[in-house]
Amino acid sequence: MEALLLGAGLLLGAYVLVYYNLVKAPPCGGIASLRGRTAVVTGANSGIGKMTALELARRGARVVLACRSRERGEAAAFDLRQESGNNEIIFMALDLASLASVRAFATAFLSSEPRLDILIHNAGISSCGGTREPFNLLLRVNHIGPFLLTHLLLPRLKTCAPSRVVVVSSAAHQRGRLDFTRLDRPVVGWRQELRAYADSKLANVLFARELATQLEGTGVTCFAAHPGEACLFGCSALL
């Protein structure tokens, strides 16, 4: 029975992804130039992250692909340079499951990049796979890592205002119920994974909302986006 439910859930998820991304979703019609701006996109070696980085590069931005795998990240950077005609696309290592890696990325970025105009938290996981971490891996990758990275890079975002933070969340946040006594406990089994994923996406939305409130008037704007029913950037300028 559990296998049947899991299969049905995967089929439904595949249908939603295809329908809202390939059938219903309108193309982004924005044409604003981003020349002279710098963007960081996490998890940009494939999927939504890679296509987001491509659009930013086509508009002239300097794009940093923040990815866990050096091999896939550098391959994606090569592909994007070829496709966009923009050579200002680089890879920097970032493993959101490791807070030490997050701090190392921030240190390396701040020492080498004078600007940060757009920070897009795209990287995330929906399952722990075969890992058996002694903590909630979904929460660590989907929320805690991005939370720390944002705060480490926030001074640079303020300096370069107007700037923007985009957190790729999910409509699954509606099923989230944050229990602060269990947040960082290990996740075991697909039921706990579904719950942990929804909780992490709710944490994304709450984080973006509170950050927007705290940064009101600074020129740094914050958004949480569900990548399906709505075009991520709409049809207006990124900044």
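A: A crossing of two helices is left-handed if the near helix is turned anticlockwise from the far one by less than a right angle, and right-handed if clockwise. Helices (H or I, at least four residues) and strands (E, at least two) are DSSP runs, numbered from the N terminus. The model is predicted: local features need pLDDT of at least 70, side-chain atom pairs count only at pLDDT 80 or more, and totals for chains, interfaces and linings use all residues. Residues are numbered from 1 along each chain as its sequence is written, and side-chain values use heavy atoms, with hydrogens and water left out.

Q: At what angle do the axes of helix H2 and helix H3 cross?

A: Two packed helices are described by the angle between their axes and the distance between the axes. Here the axes of H2 (residues 47-58) and H3 (residues 70-84) cross at roughly 40° and come within 10 Å. Axes are lines fitted to C-alpha atoms, for helices over the stretch in contact, and angles run from 0 to 180 degrees between N-to-C directions. H2 is therefore oblique to H3; angles under 35 degrees count as roughly parallel, over 145 as roughly antiparallel, 65 to 115 as roughly perpendicular and the rest as oblique. H2 passes H3 in a right-handed crossing.

Q: Which residues make the contact between H2 and H3?

A: Contact means heavy atoms within 4.5 Å. H2 contributes Lys50, Ala53, Leu54, Ala57 and Arg58, while H3 contributes Ala76, Asp79, Leu80, Glu83 and Ser84. By class, this contact of H2 with H3 has five nonpolar, one polar and four charged residues (Ala, Val, Leu, Ile, Met, Phe, Trp, Tyr, Cys and Pro count as nonpolar, Asp, Glu, Lys and Arg as charged, and the others, Gly among them, as polar).

Q: How does helix H4 pack with helix H5?

A: H4 (residues 99-112) and H5 (residues 137-159) have axes 10 Å apart and an angle of about 25°. H4 is thus roughly parallel to H5. Their crossing is right-handed.

Q: In what order do the strands of the open sheet lie?

A: Strands of a sheet pair through backbone hydrogen bonds, either parallel or antiparallel. Two strands pair if DSSP finds at least two bridges between them. The six strands of this open sheet have the order S3-S2-S1-S4-S5-S6, with parallel pairing. Strands S3 (89-93) and S6 (220-225) stand at the edges, each with a single partner strand, so one side of each lacks a neighbour in the sheet. From one strand to the next, the twist averages 15°.
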